[in-house]
Amino acid sequence: ESLINRIAAGEIIHRPASALKELIENSLDAHATSIRITIKDGGMKLLQIQDNGCGIRKSDLPILAERFTTSKLSTFTDLSHIRTYGFRGEALASISHVAHLSVVTKTKLETCAWKACYSEGILVEPKPGQNADPKPCAGNDGTTITIEDLFYNTPTRLSALRSASEEYSRILDVITKYAIHNSKVAFVCKKAGSPSPDLSSPSASETSNTIRLLYGHSVAKELVLVKVSSKDQSTEDTDMDVDETTDDPESWNAEAYISNANYQAKKMVFLLFINHRLVESSRMKRAFEAVYNGILPKGSSPFIYLSLEIDPRSVDVNVHPTKREVHFLNEDSIVEKISDAFQKALTVQSH
Ligand code: ADP
Ligand code: MG
């Protein structure tokens, strides 16, 4: 049983960066405005994330790391992220099968914080001789999740990892992308014991400023904002705001920052968020790369940050939700419309 659970967990959590991605999404679901990350050994030894979000009620702690269950679904009453991401409830469960997981959390209503430790989906005693119940402790409003010794019990996963520095750069890459998509949220990432952060993105920033900060000035200098949606009849007026409350399942809304000259990177930089989840689409990547053909200055690469909102019902449910490669309804026509808008913006820009 536990071996099967471990293997299943390894399908969801591939490496430190994929664990962190899930934790960042949880913090954002909890409406955190500050997310601080601490890393040891590329996240293999320690991966810690501290947020100032809504916290977890003490009564929810016993089932926090349980796999998707109806009890979990009815207990966790904030269902807003179910609409956005689709309910999964697997991340913390999976992590508890392949690492030492502990949580310190405090809601506004609680007078102290509570600490809980998990293994294989259930609460375990923090120290030998103690019981497994959550323990009161000091702590601010919000949640700190600590993952230690990732894959200590799954040697195949562990041996598939690269060096600590390679894993760390993947971690920084994930944080960078979420920081850009959530430019109002402060992100800090540092190595344990290091006095200065390796990544620091202030709160309440504008998207273009965050891009400039994290990807370098030479990208941002050339940035153009492109807005396009299913409502745009002609390519003339791409600026209008779309009523997001519409219930038309075919309606969609895209916002992008693109640059025609990214001198910082040798390869195309493509950040894609669909319904606020970081995903990948090789179909889109190819199409957008084609748009740039022939218009790139020498020694530069395309930079594209695209946020696409579509009806969750139109995202392909046959694709496992943790696979980052996505497909969705009317993909061809949506990609074509966005490509056209990019083409137009880049042509205007280069004149
Ligand atoms: P899911 O996010 O799909 O529900 P997870 O295993 O990632 O599944 O998280 C389980 C639940 O734990 C979440 O639904 C949320 O209620 C709670 N939770 C996890 N992390 C946090 C956090 N940082 N702040 C507040 N609640 C959290
Ligand atoms: Mg989650």
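**Confidence, sheet and ligand shell**

Modeller: Over residues 235–240 of this predicted model, the pLDDT stays under 50. The model has 10 contacts beyond four places in sequence for residues 235–240.

Biologist: What does the protein average in pLDDT?

Modeller: The average pLDDT is 87, and 85% of the residues score at least 70. Residues 77–87 fall below 50, and this stretch has 10 contacts beyond near neighbours in sequence. Where pLDDT is low, the predicted coordinates should not be read in detail.

Biologist: And which ipTM and pTM does the predictor give the complex?

Modeller: The complex receives an ipTM of 0.99 and a pTM of 0.90.

Biologist: Changing topic, in what order do the five strands of the open sheet run?

Modeller: The order is β10-β11-β14-β12-β13, with mixed pairing. At the edges are β10 (224–229) and β13 (277–278), each of which pairs on one side only.

Biologist: In what sense do β10 and β11 pair?

Modeller: They are antiparallel, with six bridges between β10 and β11 (residues 252–262). Leucine 225 stands opposite tyrosine 257 of β11.

Biologist: Which strands does helix α8 touch?

Modeller: Helix α8 (residues 207–215) packs on the sheet against β11, β12 (269–274) and β14 (301–310). The direction of α8 makes about 40° with that of β11.

Biologist: Now the ligand: which residues come nearest to ligand 1?

Modeller: Of the 18 residues around ligand 1, the nearest are Asn26, Ala30, Ala91, Leu92 and Thr143. Helices α2 (16–29) and α5 (91–98) each supply at least two residues of the shell.

Biologist: How many residues of that shell are nonpolar, polar and charged?

Modeller: The shell around ligand 1 has eight nonpolar, six polar and four charged residues.

How values were computed:
Residues numbered from 1 in each chain as written. Chains lettered and ligands numbered in written order. Predicted model: local features only at pLDDT ≥ 70, side-chain atom pairs only at ≥ 80, totals over all residues. pLDDT = per-residue confidence, 0-100. Contact = placed C-beta atoms within 7 Å. Pairing = 2+ DSSP bridges. Helix = DSSP H or I, 4+ residues; strand = E, 2+ residues; numbered from the N terminus. Axes fitted to C-alpha atoms, helices over the stretch in contact; angles between N-to-C directions. Near = placed C-beta within 6 Å. Nonpolar A, V, L, I, M, F, W, Y, C, P; charged D, E, K, R; others polar.
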